[in-house]
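Subject: Model handover and notes

Hello,

Please find the model below. My notes on it follow.

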Amino acid sequence: MRTVDWVVFVLFLAYVVWDGMRRHKGAQSLEGYFAGSRAIPWWAAGLSIMATQASAITIIGTTGQGHEHGMDFVQTYFGLPFAMVLLCLFLVPLYRSRALLTPYEYLEERFGAATRALATVIFLGSRCLALGVVIYAPAVALSAMIGFETWQSVLVIGALTTLYTVVGGVAAVIWTDVKQMTVILLGLFVIVFVLLRDLLPTHGFGELIDLAGAAGKLNALEATPEHAALWPRTAADAGAGIGEPSFWEEKYNVWSGLFGGLFLHLSYFGCDHSQAQRLLASKDVRQSRMSLLLSAFAKIPMQLVVLFIGVLMWLFYTVHGQPLLYKTAHVEAAKSPAVAAQVAELELRFDAALKNRTAQMQRLAALPEGPRSDAQALAHYQAAVLEVKAIRKQARTLVGSRRDASGRALDDDDTNDIFCRFVLDQMPPIVLGLIIAAIFAAAMSSIDSVLNALSGATVVDLYRRWVRPRCSEAHALLVGRVLTFVWGAVATAMALFFAGGGSVIEQVNKFGSYFYGSLLGVFVLALCVRRAGPWAGALGILGGMASVLAVHWTLKVEFLWYNVIGCLGVLLVGGVVATFERRRG
Amino acid sequence: MAHRVRRRVLDGEIDAALDRARGSGFACAMATGSDSERRPAPPMADDLGRTYWLVIASATALLLLLWWFTERFNIPLPR
């Protein structure tokens, strides 16, 4: 990184910390600290909602997904606009008809303290786990980009974000998110510009689309399931490779996105306090709703752009040549004498495969009627694409550090390193600094909201409810600040110990999906099952979690469906218990 | 529909409050101590009905567009 990039990057960090800390004046009461004195305009709350969801993972992991697997990941967001409308209609008025500080306060009004405590603990546990990942991802990027050790990057991100969140509360979170979102959008725009500037002189835009499509990268909506079997395989059968995969094992298709995604986003935006805090901090019910609708309109297009950047990166590497290994650790490991000969052999094969892919690409691009007009040229191009992919996988397995229980080497995925390598190698001065600032912005905007939300839920739903119910506002505020610091330290420690195998973005969604369905289910139970009382709420939420765990242990089902299973589990158990509660009453 | 659900919520809350007042078992032991009851609620107002339909219509249109885009341009790699 050049000096000018360092200047841009450090200036941005200093501005964000200063901007967050100057909000301390509005954070002198519990409502000011955790709900922004209910004075946040809808557009700021809406941008903050988007910034929180657009973590560094969105930039690093999602572009990597686009490069490796195409655009299928966008299907996860298909349920989002519909979820936002449902939340506006049902949950927002519920929250704003009372002056809540956390959504879980409502659960006590409806079901009693046990359900509230359970929901709070689920939220704290799931968010804390995910937060470790959210800090870890940009730390990996930074260590690759500016030569920090990963633990040093984790400490910088964790410490700076915790500092301004402790001082400024939710107002600091939201107003820094607004600036961070601006930098993220600017960074994305610049990357698209640089990529197109490099690609368009050699290939027209239509040609690029054809080439990406012929490599299976434009799979934005897969309506026909790949597997028709509706009965899921057992986890044991799937592990042993017995039987045919079922529909439920497909990670991303339009159905899992619409239905699993609907439940995931209903829960994430409506019942996860790290997002719901914006609904509680807006000026009134209308502004809360409008803040959600901003995401409803903008999220899928934004996600499409991010994934398309990944596809453009893949095209860039296809046109200009591609490194065999993206991960710095892999490049270093490849120099080891133990594997040097095998790596050299792979490099020779890789060079030949790249030349073949370029030749096949040029042949395909020259077809006036598009790639489908010459089946043979298309087959050769696709075979060349697969060959490059296979050699890269062999190289990752050879130099990577992942091993199974028997010590056999596993594919050490580098999806999260592709973007970093591209930016580091290809971005001009100042732009590199801006993009690293954007990655940092994305990380901080997600971490700060979760820290404030974790602290808010701990103080309001646990400390003031169970430990010191009659404590003064000043005391609760002090505890809130201390807990923000403690959660920051815990999350940073978790990130330090986090072993980041696989795609980080998937891991975050997986963590959430284990718990989110149950969290959503208890709110749906409250809304829709009039008979449900304290036992139904508490046992329902436990039943929902038990059903997700049971499915996870016994059947092979992809994680997006866990949201549906958890929610239905709560409704089933809660509904049955509610019947007995009514009889007893 | 929204009105009906809101109505149910209200009814449910009344039931829960009655349960607590009667001091019935679990509900009594877990009696509410929520802060929210002590704070004033903001005014409720909404004129966003058309915006909801706009969200649904634009999301549906986008999905149809992506479907067409995928069918037109994407050619899956052989497995």
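A residue is called buried here if its relative accessible area is under 20%, exposed if over 50%, and partly exposed in between, with a 1.4 Å probe and protein chains only. By that criterion A:T165 is buried, because its relative accessible area is 0%.

Conventions first. This is a predicted model, in which local features need pLDDT of at least 70, side-chain atom pairs count only at pLDDT 80 or more, and totals for chains, interfaces and linings use all residues. Residues are numbered from 1 along each chain as its sequence is written, chains are lettered from A and ligands numbered from 1 in the order in which they are written, and side-chain values use heavy atoms, with hydrogens and water left out.

Chain A

The secondary structure of chain A consists of 22 helices and zero strands; helices (H or I, at least four residues) and strands (E, at least two) are DSSP runs, numbered from the N terminus. Chain A has a radius of gyration of 25 Å, close to the 25 Å that the globule rule gives for 585 residues, so it is as compact as a globular protein of that length. The radius is taken over C-alpha atoms, and the rule is 2.2 Å times the number of residues to the power 0.38. The C-alpha trace spans about 75 × 55 × 50 Å along its principal axes.

Of the 585 residues, 63% count as buried. Among contacts (heavy atoms within 4.5 Å) with a separation of 6 or more, 83% are between residues 24 or more positions apart. Chain A exposes about 20100 Å², and carbon and sulfur atoms supply 66% of that; accessible areas come from the Shrake-Rupley method with a 1.4 Å probe, and for residues only the protein chains shown count as cover.

Helices of chain A

Helix α7 covers residues 113-146 of chain A, and its end C-alpha atoms are 49 Å apart, which agrees with the 50 Å that its 34 residues should span at 1.5 Å a residue. The expected span is 1.5 Å times one less than the number of residues. Of the 34 residues of α7(A), 29 are buried, so the helix is largely enclosed by the rest of the structure. Just after α7(A), A:G147 takes a positive phi of about 80 degrees.

Helix α15 (residues 337-365) of chain A has 29 residues and reaches 41 Å from its first C-alpha to its last, close to the expected 42 Å. Its buried residues include A:V339, A:V343, A:L346, A:F350, A:R357 and A:L364. An α-helix has 3.6 residues a turn, so residues three or four places apart point the same way. The cover over the buried residues of α15(A) includes α9 (205-214), α13 (285-320), α14 (328-334) and α16 (375-399) of chain A.

A:T165 lies in helix α8 (residues 150-199) of chain A. Leaving aside neighbours within four places in sequence, A:T165 is in contact with A:Y33, A:V173, A:D448, A:L451, A:N452 and A:T484.

A:V577 belongs to helix α22 (residues 560-584) of chain A and is buried, with a relative accessible area of 15%. Leaving aside neighbours within four places in sequence, A:V577 is in contact with A:W535, A:A536 and A:L539. The C-alpha atoms of A:V577 and A:G540, 37 residues apart along the chain, are separated by 7.8 Å.

Rings and charges

The structure holds 24 aromatic pairs over all chains. Rings of Phe, Tyr and Trp (its six-membered ring) pair if their centres lie within 6.5 Å; planes under 30 degrees apart count as stacked, over 60 as edge-to-face and the rest as tilted. One of these pairs is A:Y33 with A:F34, edge-to-face at 5.0 Å centre to centre and 80 degrees between the planes. A:Y33 is buried at 0% relative accessibility, and A:F34 is buried at 1%. Ring pairs also link A:W6, A:F9, A:F148 and A:F440 into a cluster.

A charge sits over a ring if NZ of Lys or CZ of Arg is within 6 Å of the ring centre and within 35 degrees of the ring normal. The charged end of A:R465 sits over the ring of A:W466, 4.8 Å from its centre. In chain B, B:R72 lies over the face of B:F73, at 4.6 Å from the ring centre.

Chain B

Chain B has three helices and zero strands. Buried residues make up 37% of its 79 residues.

Regards
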